[in-house]
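This briefing goes through a structure with several chains, topic by topic. Keep the sequence and the 3D view open while you read.

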Amino acid sequence: MSAAILQLENVSAGYKTAPTIRGIDLIMMAGDAVAIIGANGAGKTTLLRAIMGQIAMMGGSVSFQGKGISNLSTHQRARLGIGYAPEGRQLFQSMTVTENLEIGAARISSVIRKQRIERIFEIFPKLRPLARTDCGFLSGGEQQMVTVARALMGEAQLLLLDEPSTGLAPRVISELYASLAQLLPTGLTILVAEQNARAALRFAKRALVLEDGHLAMEGAAADLLEDRRVVDAYIGLGSKDLGWKTGGAAGEKAIPRS
Amino acid sequence: MKNVRLGEIILFLALLAAGIAIARFGSGYQAQTLFQMAMMTLLAIGWNIISGFTGYVSFGQVAFFGLGAYVAAVSILNFDLPWYVAAAIAALGAGALALPLGMIMLRLNGIFFALGMFGLARILQLVANSLEVTGGPMGTTVPVVDSPQLTATVAVLAVAAGVLMSFFLSRSRLGLTLMATRDDAVAAEAAGVNTWKSKVAAFCISGCVAAVAGSLYVWNVGYLDPNSAFAGTVELQTVLMVLAGGIGTVWGPVVGGILISLLSTFLWARFPMEQQIILGVLIMFIAIVAPGGLLGEMVKRGWLKRPPIWGPPPAVTPLSGEGSLASEPGQTVLLTCNKLSVRFGGVRAVEDVDVEVRSGEMLAIIGPNGAGKSSLFNLISAFNRPTTGDVQLLGQSIIGRKRYQLARGGIARTFQTSRLFASLTVWETVLVAASSVCPRRADAVARTAQILDDVGLLQNWSDMPDVLPPGRQRLLEIARALALDPRVLLLDEAMAGMTTQEIARVHEALRAAIDRGVAVVAIEHVLPAIAPLAARVQVLDFGKTIAQGIPYDVLNNPIVIEAYMGAEGVSA
Amino acid sequence: MTTFVTLIILGLLWGGVYLLAAEGLNLIYGVMKVVNLAHGDFIVFGGLLAFSLYELDGISPLLSFPTTAIVLLAIGAAVQFGILERIGLDRGDAELRTLLATFGLSYVIANTSFLLWGSQFQSIPFLQGFVRAGPIAIPQALLVCSLLAFAVAILVHVWLNHTMLGKSVRAVAQSGLGAASCGLDIVRIRVLTFAIGSAMAGSAGALLISLIPFQTASGGELTVQAFTLIALGGLGNYAGAFLAAELLGLVEVMVQYYLGTNAASAVIYIVFISVLIFRPYGLLGRATRV
C-alpha cells in the first residue's frame, strides 16, 4: 500500500519550442530497477533531465513519493531524496574523492557524514585507496563510481543515472552494475538511462524503449533482451518505417564526444 | 538601391537639414551643444562597428579618440596644417596604428579584449602624459579654433558620412562576414569566411572614425590634455549611446546619440554630481532588461526589420553549366586519411584511422556514442590538429591549412549540433558561404537562390533561423555547406529530426551532388536516412575502425551489433 | 647590494597586498566566470570608508578593515542578488550582458564614492615609522599591512579548502550541475561568493589606503591591476595568483626605483597586454580551477 516512489504522467519536455519527448508514463515502486534505452537522440537524457528539473516540462506531471515536484528546482528535488548521476559525470575534478562525497551530504553533521562515507567505501571498496586522490586523475570507471557514490551520499530513495556506461570498458560496466544490483535489496529505487542496452537490460527488471521521443516498447527486461526489434531500433535495420514524424526528436543534445 | 526605405531617406535628410540649420542659425551655445552631440555620435558609430557589427565589445574606444586628437594636435602645432588636413592625418595615423594593434588585440576575446582595449587606452594616456611637445600632463593650447557654428556643421556632415558608411557596410560583403563572425565565428570559418581579415578591417575602420572625432574635438576646443582626451566619461557615454539606441544596427548609434546627449546635457545642468550614477544605472538596466536597445526591441517585436543583404532573391534560373567543379572521373580518390590519431588529454579520441573518400560516392560513418566520429570530422576539416597521421586532399596534405581555406578549397561540413547565425536570415546564411567562393556578387546571389530552391527553403528566405523547425534548421546547414561548391561534403548527423519530405528533398540534392562528382561522408546514427545513398559504410568504436564494407555486410556483422548493443561478456 | 635586497623584500611585501586586492576577483571569476569590472571601485570605496573612520573616530585601519569588509559584503550580496542574478545565465549573451552591467556598476560606485568623499586624493597616515634590520629599512605600514593581507588570504584559502561552505563554493565553480545534484542551492552560493569577493576587495582597500593615496577615479586602474594579476596566475588559479602577485610586486618595485613612477604605471598595462597575448592561461599553463 505504499505510495509510488516516482510517478510520471503524460510527461512532455524539450528545449525551445517543440517537445523532444511526449506522453511518457511511468510508475516505479520502492526497490524497482528500470532501464530506459533507445538510440541516440531518442530522448533518454531529456527524460531524466525533466525528472530532475534541469529542463522545463511542457506537459504532464512528475511526483516523488506522492508529492508533485514539477515546480521545484534541481537542488530542491535532490534534497527531497533523489540522487542524480548526470550525463558526463559532473565531478568536482580538482577535489578529492572524499571531498566529492562530502559535498554529496554537505548539509548534515560531519559525524553522520563520516559514517556515510565509511558505508560508501564498503559498497565500493575500490574507492577506499583513492580517497585522497583528485577526481581528475581517476580512470573513467573510477569516476563513474564516484558519481554514483556521491549521489548515494544524500540517502537517496531514488537514484537516477544518465548513461553511466559511456566510455567504459565492458568489464568495468559489469562491475558497476554489479555494485548497483547490491543496493536494490535495501529498498533503493534505480532508474537508469543507457546507451548500452545489454548491460542495462541485464541489470534492470523492467525496461522502456524510447524512439523519437515516445515510448515504443515496454516490458520485462529479460524479454526485451531477446527481442530483435530492440536491435533494429538501435541500428536502424528492419522493414518498418522508423517514424520520421513531423517535428521529430531533434534538439536532443548529443554528447560532444564522437 | 531597392532596399533603402523611403522612411530612412527622409529621416536622414531631415536630421541632416536640422543639424545644419541649428549649426548655421543657432546661438553659439546651441551650436556647441550640437557639436558635442555630433562628435559623440560619431564616436558611437565607430564603436558600433567593432562592438556591434563584429561583436567585439571594447572598453577602449577612447584610445583612438585620444590618439586622433594627439596626432591632429601635433600636426597643427608642429607643421601648421589646417584642421582638415590634420583630421585626415589623424585618420590615416589611427588606421596605420590600428592594423598592428588590431592584429595583437583581436586575438583576445570577450572580457580579455574589452579590458585589453581599456588597458591600451591607459597606456596611450601615459604616453601622452610624457609627450613634451604637447605639454605633458598639463596639456597645451592648439592654435586652430573655429567658431562653434563651423565646427558643428562639419561635425554634422561627418556624422552623416558615418551613417552612410554604416549603411553601406551593413549591406556589403564585409558587413555580412562581420555579422556571421559575430554570431558564430566557428560556423563562419566553416563557411569560408576569413574571420581574421574581417575583424581587423572592422577594427581599423572603427579606429579611424574615432580618430576623426578626436581631431574634430581638438579643432573645436582648442586645448588638449591627456585627462580630457582619454576621459573615462567619454567611454561611458559612447557605450551607453549605442546600447540605448540599439547595438549592431545602423541607426542605433544615432538614435542613442541624440537621446543620451540630450539626457547628459540635462543631467549636467540639473544633477552634475550624480550624472555618472544615473548613466551607469541606465547601462545596467539596459543590459539586464533590453540589451538590444530601442531599435533592438522594435526589431524583436517585429515593428522593424533589417533589410536583407543583397536580397530579396531573384527568380531562379538553372545555373549555366554544371557548377564549377570539373567532373572528376568516377571513383577518383579525393580525400584520404592515413593512420589518423588525435588525443585529448589522456583520451585517444581517434586512433589509427584510415579513410578513403571517392568522388561520386557516399561513405557512411557509423558507431555508438563516443566512438570518435565527430572528432574524425574535426580532423578532416581542420578544427583539430591530429597528433599523428595525415589527411590529404587530392594528394596534397592539408594539415596546417586554415579552416576557411579548406572551406573555400573544397571541404564543406555541417555540425553535430546546428551552428547557425542567429541574426542572419536563411537567405543571408547561405549567401555567406556562396560569397566566399564567388567573387562576383551576381554569381553569389544566383548561386544562393539556386541552392535554396534545390533544398526547398526558398520560400523561407527571409526567416530567422530560430523560427524554423529543427529539421529545416538542419536543411539550412546543409544548404550552407552545399553553397561552397565542395568536392567533399561532410555531414554530421545532418538529418536528425527531419520529416520524410525533408529527407527526400535532401536525398535529391545529395543525389545531384553525388552525380556531379561530389564525395559525401555522412555520420549518421540511424541508417534509413542515408541507406539508399551510401555505397560504403565504415564503423568506428572507441576511436578505431572495427568494420567497413557494403552496408548489408557491415550491419549484420556481429562485431558491429555488439558495439552498439553492448558486449556479451561478463555477466552482471 | 643593500638596496637590491631591500627592493626584493619590499616587492615581496607588496605582493601580499596585491594578492588580497586581487583574490576577491579570482574567487568571483572562478565560481561564476564573471569579471566584476567594478572591483577596483569596491577597493576604493572600502579604502575611503576606512579613511572616514580614521578621520572621524581615529580608528586605525587595522581595526576598521573588518568593518569595510562587512559593508562591502552587504553591497556585494545586493549587487549579485539584485542585479547580476537577473541576467539569465543560460542565454548566449549572458557574458556580454554581465560585462556591460558591471561596466555600468563601475561608474555608479565610483560616482557614489565621489558624492561621499569628493575627488581629492586621500590616504591614512598610519604607522609612519620604519622597521630596521641592519642596513635594511622597511616601512612599518607596509610590513603590517602585508602581513595582514597574507593572513586574510590564508584565512580565505583555509576556508575554501577546509570548511564545508568553502568546499561548496569550489564545487559550484567546477560543476554547477554536479553541485545542484548534491542539493546545493547554487543561487545562494553565487550570492555568497560575490559578497565575499567584494568584502575582500573592501578590506584590501582599507589596507591599501594606508600605503598609497587614492581617489575616487582610481578604481579603473585598480581593476586592471587586479585582473592582470589573476590573468597572469591563471584565472581561478590560487597558487598561480600568489606567484603572480609576488612577481608583480617585485617588478613594480624595481621599475619604480630604477625607471620612475610613470614607467611603473605603464608597466602594469604592458604586463597586462603581454599576458593576454602570450600566456592567456597564466604562468602556470592551463588554468586549473579553484
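**Chain A and the model as a whole**

Of the 258 residues in chain A, 50% are buried.

**Make-up of chain A**

- Chain A contains nine helices and ten strands.
- Among contacts in chain A with a separation of 6 or more, 69% join residues 24 or more positions apart.

**Confidence**

- The average pLDDT of chain A is 83, and 89% of its residues score at least 70.
- Residues 237-258 of chain A stay under 50 in pLDDT, and the model has 63 contacts beyond four places in sequence for this stretch.
- Chain B has an average pLDDT of 87, with 95% of the residues at 70 or above.
- Among the elements of chain B, the highest mean pLDDT, 95, belongs to helix 17, and the lowest, 78, to helix 22 (residues 558-565).
- Two stretches of chain B have a pLDDT below 50: residues 320-326, with eight contacts beyond near neighbours in sequence, and residues 568-572, with 14 such contacts.
- Where pLDDT is low, the predicted coordinates should not be read in detail.

**Helix 2 and helix 12 of chain B**

- Two packed helices are described by the angle between their axes and the distance between the axes.
- In chain B, the axes of helix 2 (residues 28-53) and helix 12 (residues 252-270) come within 9 Å and cross at roughly 140 degrees.
- Helix 2 of chain B and helix 12 of chain B are therefore oblique to each other, and their crossing is right-handed.
- On the helix 2 side of chain B, the residues in contact include B:Thr33, B:Met37, B:Met40, B:Ala44 and B:Asn48.
- On the helix 12 side of chain B, they include B:Gly252, B:Pro253, B:Gly256, B:Ile258 and B:Thr265.
- The residues of this contact between helix 2 and helix 12 of chain B are seven nonpolar, nine polar and no charged.

**Helix 1 and helix 5 of chain C**

- In chain C, helix 1 (residues 2-32) and helix 5 (residues 140-162) pack with their axes 8 Å apart, at an angle of about 45 degrees.
- Helix 1 of chain C and helix 5 of chain C are therefore oblique to each other, and the crossing is left-handed.
- Helix 1 of chain C brings C:Leu10, C:Leu13, C:Gly16, C:Val17, C:Leu19, C:Leu20 and C:Glu23 to the contact.
- From helix 5 of chain C, the contact includes C:Leu142, C:Cys145, C:Ala149, C:Phe150 and C:Val156.
- By class, the contact of helix 1 with helix 5 in chain C has 13 nonpolar residues, two polar and one charged.

**An enclosed helix in chain B**

- In helix 17 (residues 426-437) of chain B, twelve of the twelve residues are buried, so this helix is largely enclosed by the rest of the structure.
- The buried residues of helix 17 of chain B include B:Trp427, B:Glu428, B:Leu431 and B:Ser435.
- These buried residues pack against helix 7 (173-183), helix 8 (185-190), helix 16 (403-409), helix 18 (441-455) and helix 19 (470-482) of chain B.

**Where chain C touches chain B**

- The contact takes 34 residues from chain C and 34 residues from chain B.
- On the side of chain C that touches chain B, the elements giving two or more residues are helix 4 (94-117), helix 9 (219-233) and helix 11 (261-278) of chain C.
- Helix 4 of chain C gives the most to this side, with 15 residues.
- The side of chain C that touches chain B has 23 nonpolar, six polar and five charged residues.

**Two positive phi values in chain A**

- Most residues other than glycine have a negative phi, and most peptide bonds are trans.
- A:Glu155 has a positive phi, near 55 degrees, and lies in the loop between helix 5 (140-152) and strand 7 (158-162) of chain A.
- A:Glu163 also has a positive phi, near 50 degrees, and lies in the loop between strand 7 and helix 6 (170-183) of chain A.
- Is each of these residues buried, exposed or partly exposed? A:Glu155 is partly exposed, with 13 other C-beta atoms within 10 Å, whereas A:Glu163 is buried, with 25 other C-beta atoms within 10 Å.

Note on methods
Residues are numbered from 1 along each chain as its sequence is written. Chains are lettered from A and ligands numbered from 1 in the order in which they are written. This is a predicted model: local features need pLDDT of at least 70, side-chain atom pairs count only at pLDDT 80 or more; totals for chains, interfaces and linings use all residues. Axes are lines fitted to C-alpha atoms, for helices over the stretch in contact, and angles run from 0 to 180 degrees between N-to-C directions. Helices (H or I, at least four residues) and strands (E, at least two) are DSSP runs, numbered from the N terminus. Angles under 35 degrees count as roughly parallel, over 145 as roughly antiparallel, 65 to 115 as roughly perpendicular and the rest as oblique. A crossing is left-handed if the near helix is turned anticlockwise from the far one by less than a right angle, and right-handed if clockwise. Two residues are in contact if their C-beta atoms, placed from the backbone, lie within 7 Å. Ala, Val, Leu, Ile, Met, Phe, Trp, Tyr, Cys and Pro count as nonpolar, Asp, Glu, Lys and Arg as charged, and the others, Gly among them, as polar. pLDDT is the predictor's confidence in each residue, from 0 to 100. A residue is buried if 20 or more other C-beta atoms lie within 10 Å of its own, exposed if 12 or fewer, and partly exposed in between; C-beta atoms are placed from the backbone.
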